[in-house]
Amino acid sequence: MDAHTMTKPAVLILLGPPGAGKGTQARMLEEKFGLVQLSTGDLLRAAVAAGTEAGQAAKAVMEAGELVSDEIVINILRDRMAQPDCAKGVILDGFPRTTVQAEALDALLAENGQSINAAISLQVDDAAMVTRISGRFTCGACGEGYHDTFKPTKVAGICDKCGGTDMKRRPDDTAETVASRLVAYHEQTAPLIAYYKARGVLNSIDAMGDIDAIAADLGALVKQATA
Ligand code: AP5
């Protein structure tokens with residue numbers, strides 16, 4: 001199954017705590033299935049960098065590791081989903097994160113005659129997440145994500161994908177902020193696992209293994225969910 005054989009645009013949700021590998025896996029699924037990765041974290045960071053009103057409101061909240069208001073995030077997501085490229089199907093990475101956001105997504109999809117193919121919970125141990133996040137860096141040119149130990153660049157300081165040399169580390173990737181982000185996940189986002197289970201679209205995968213092995217499991221699941 002690829003993008004050409006899908007009957008209507010697929011909607012996939014990746015659920016998981018900070019560092020679970022949502023971004024890493026979403027980028028791999030994007031390449032494999034021709035879907036569009038929609039990361040509300042990336043959209044918010046772009047709004048912060050552009051200095052928009054939403055970005056100014058979000059900046060301090062993100063740096064504290066707390067959740068940005070539902071209103072801001074839902075508006076950003078709705079605008080992005082209205083772009084023509086989303087007709088290829090989307091992988092939601094980091095959205096929804098609250099029940100209010102999940103209900104807003106249901107309403108938005110219903111307006112467009114769409115529905116969720118699968119909500120996939122990436123299951124990980126909290127303890128490993130601090131190690132994953134504290135070693136993370138990203139290519140400033142193409143956004144490819146790396147890790148000092150688990151996914152280093154082939155040549156130090158040079159992006160494997162685009163040859164870029166401007167590597168970035170996120171200001172919220174400190175051990176202290178990761179602790180707040182994990183609390184926010186368990187209190188506000190983890191209840192969505194039951195929300196999607198009740199709707200019959202929940203799938204779970206073990207995301208503690210090696211990146212390529214997880215990608216293979218996830219690819220098989222997505223193939224089945226979009227058939
Ligand atoms: P966001 O950008 O979404 O961050 P997050 O959910 O905390 O997730 P991360 O990006 O940290 O982790 P990830 O799961 O994508 O892991 P990755 O693949 O990079 O959100 C940031 C902030 O924005 C939030 O705190 C909040 O303030 C705000 N926000 C965003 N969306 C919001 C919403 N909907 N509502 C309200 N506020 C919102 O992997 C991590 C590292 O581990 C990488 O270095 C990677 O190379 C490595 N790695 C990945 N997989 C493996 C593996 N299997 N083994 C070893 N290493 C691995």
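Biologist: At what angle do the axes of H2 and helix H3 cross?
Modeller: In this predicted model, the axes of H2 and helix H3 (residues 53-63) cross at roughly 115 degrees and come within 8 Å, where axes are lines fitted to C-alpha atoms over the stretch in contact and angles run from 0 to 180 degrees between N-to-C directions. Helices are DSSP runs (H or I, at least four residues), numbered from the N terminus. Local features need pLDDT of at least 70, and side-chain atom pairs count only at pLDDT 80 or more.

Biologist: And which residues in H2 meet H3?
Modeller: Gly41, Leu44, Arg45, Ala47 and Val48 in H2 meet Gly55, Ala58, Lys59 and Met62 in H3, with contact meaning heavy atoms within 4.5 Å.

Biologist: Switching to the ligand, which residues come nearest?
Modeller: Thr24, Glu66, Arg97, Arg136 and Arg181 come nearest, out of 33 residues around the ligand, a residue being near if one of its heavy atoms lies within 4 Å.

Biologist: How far is an oxygen atom of the ligand from the side chain of Thr24?
Modeller: The distance is 2.5 Å, from a ligand oxygen to an N or O atom in the side chain of Thr24, and a polar contact is a pair of N or O atoms within 3.5 Å. A ligand oxygen also lies 2.9 Å from a polar backbone atom of Lys22, while a nitrogen atom of the ligand is 3.1 Å from a polar backbone atom of Val68.

Biologist: Which element gives the most to the shell around the ligand?
Modeller: That is H2, which contributes four residues to the shell.

How values were computed
Residues are numbered from 1 along each chain as its sequence is written. Side-chain values use heavy atoms; hydrogens and water are left out. A polar contact is a pair of N or O atoms within 3.5 Å; within protein, one must be able to donate a hydrogen and the other to accept it, and residues adjacent in sequence count only if both atoms are side-chain atoms. Helices (H or I, at least four residues) and strands (E, at least two) are DSSP runs, numbered from the N terminus.
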